[in-house]
Amino acid sequence: MLTLFWTFFKIGIMSFGGGYACLPLIQSNIVQDLHWISASEFSNLVTISQMTPGPIAINAATFVGLKVGGFSGGVIATIGCIFPSCLIVTILAVLYHKYSTLHWLDRILNWLRPAVVGLIAVAGITMILPSIQGYEHPLWWILLFSGSLFCFMKTKIGPIWILIATGVINWLASILFF
Amino acid sequence: MKKYLELFKTMFVLSAFTFGGGYVIVSLMQKEFVEKKKWISEEEMLDLIAIAQSAPGPIAVNASIAIGYKIAKVGGIICCVLATILPPFLIMVVIWYASQWIHLPASFDQLMKGMEIGVCALIVNVVYDMQKKFDKKVFAYIICVATIVLTGIFNVSIPIVLLLWILCGLLVRKKLC
């Protein structure tokens, strides 16, 4: 159990950049060194992670924890995985609130703010390209995309409802028309 | 107490319905906390995302910690972290115990594909809203585009790019914007 916590603690602290950054770490630590899950279980894990909500690191920690130590294993691995984040981000958040009036911090943030927008744009592009390429009906894709974009920009409907609606509309359309 | 509940509820719903990477949930958080609830200003939100991005660990968890602290200090952190990890944790537990006998219909795939299209639109919308805050400053657009080129085209790792901008911020004393 301690090894489980420690292993995911290490994965948590080393996965800079979020998301897919933790996958190679899990592969080398858990699949190759510790043999807790097999290579095919690992690929199942990635598929399940993509189909379920939440960060891949959390999905992976819960999955491996359950496999190794049942329910309590799942809890321990998940806590181990987020523990480093909790410590580091709390410290950074406290520092930010204490010193956000300082000039040097303000200068840094002036550079970082537009960079964050750029990062989100890249994340968007890397989602849009495979999504439209993997879709059988590009025109329908553009229609749904424009429709939901319009809803996000011009209406006050909650974003989650818009997402669910696009999902359901696409599902119905696939049954009725395609 | 009411604020904690509200915070927990909002984060829980966001986390439970967020498929895809960390930036999806960050975009949704921006919509909820900046635009709808107005608990955080747009500028602060960008700073909090920068903090979440420069620390190790899942962005969704990091962002929820930073936002939780901003809204309700340590109690807010506990609230937000629990609300963020409980949905994926519980869903994983259910899948684990049910995987033997549940088989999803093939059409379920189309539901996911549709939501993926919605997520694309969401991110475009959030980027559009955020760049308005640049106030037509050329400097901000240059950094933004440079970040896109470095990480998107040259595959430079994100912490390195952020570190570069931090160094620039420390070294360039002239007020550029």
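Predicted model: local features only at pLDDT ≥ 70, side-chain atom pairs only at ≥ 80, totals over all residues.
Biologist: Which residue of chain B forms a salt bridge with R113(A), and how far apart are the closest N and O atoms?
Modeller: Residues are numbered from 1 along each chain as its sequence is written, chains are lettered from A and ligands numbered from 1 in the order in which they are written, and side-chain values use heavy atoms, with hydrogens and water left out. A salt bridge is a side-chain nitrogen of Lys or Arg within 4 Å of a carboxyl oxygen of Asp or Glu. Here the partner of R113(A) is D47(B), and the closest N and O atoms lie apart by 2.7 Å.

Biologist: Which helices does this pair join, from R113(A) to D47(B)?
Modeller: Helices (H or I, at least four residues) and strands (E, at least two) are DSSP runs, numbered from the N terminus. The pair crosses between chains, and R113(A) belongs to helix α5 (residues 103–133) of chain A, whereas D47(B) belongs to helix α3 of chain B.

Biologist: What is the count of salt bridges between chain B and chain A?
Modeller: Over all chains, a search of the whole structure finds nine salt bridges. One that joins the two chains is made by the side chains of E136(A) and K113(B), at 3.4 Å from N to O. Between chain B and chain A, the salt bridges count to three.

Biologist: How many residue pairs are in polar contact between chain B and chain A?
Modeller: A polar contact is a pair of N or O atoms within 3.5 Å; within protein, one must be able to donate a hydrogen and the other to accept it, and residues adjacent in sequence count only if both atoms are side-chain atoms. With both residues at pLDDT 80 or more, the number of such pairs between chain B and chain A is twelve.

Biologist: Which element of chain B gives the most residues to the side that touches chain A?
Modeller: Contact means heavy atoms within 4.5 Å, and by that criterion 91 residues of chain B are in contact with 78 residues of chain A. Several helices of chain B give two or more residues to this side, including α1 (2–16), α4 (59–98) and α5 (108–132). The element that gives the most, with 21 residues, is α5(B).

Biologist: How many nonpolar residues does the side of chain B that touches chain A have?
Modeller: Ala, Val, Leu, Ile, Met, Phe, Trp, Tyr, Cys and Pro count as nonpolar, Asp, Glu, Lys and Arg as charged, and the others, Gly among them, as polar. On this side of chain B there are 17 polar residues and ten charged ones, while the nonpolar residues number 64.

Biologist: Which residues are linked with K37(B) in a network of salt bridges?
Modeller: K37(B) forms a salt bridge with E6(B), the closest N and O atoms being 3.6 Å apart. K37(B) lies in the loop between α2 and α3 of chain B and E6(B) in helix α1 of chain B, so the pair ties together parts 31 residues apart in sequence. The network links K37(B) with E6(B), E32(B) and K36(B).

Biologist: What ipTM does the predictor give the complex?
Modeller: Chain B has a mean pLDDT of 85, with 91% of its residues reaching 70 or more, and chain A averages 83, with 93% of the residues scoring at least 70. In chain A, confidence is lowest in helix α3 (residues 39–51), at a mean of 72. For the complex, the predictor gives a pTM of 0.73 and an ipTM of 0.72.

Technical notes
pLDDT = per-residue confidence, 0-100.
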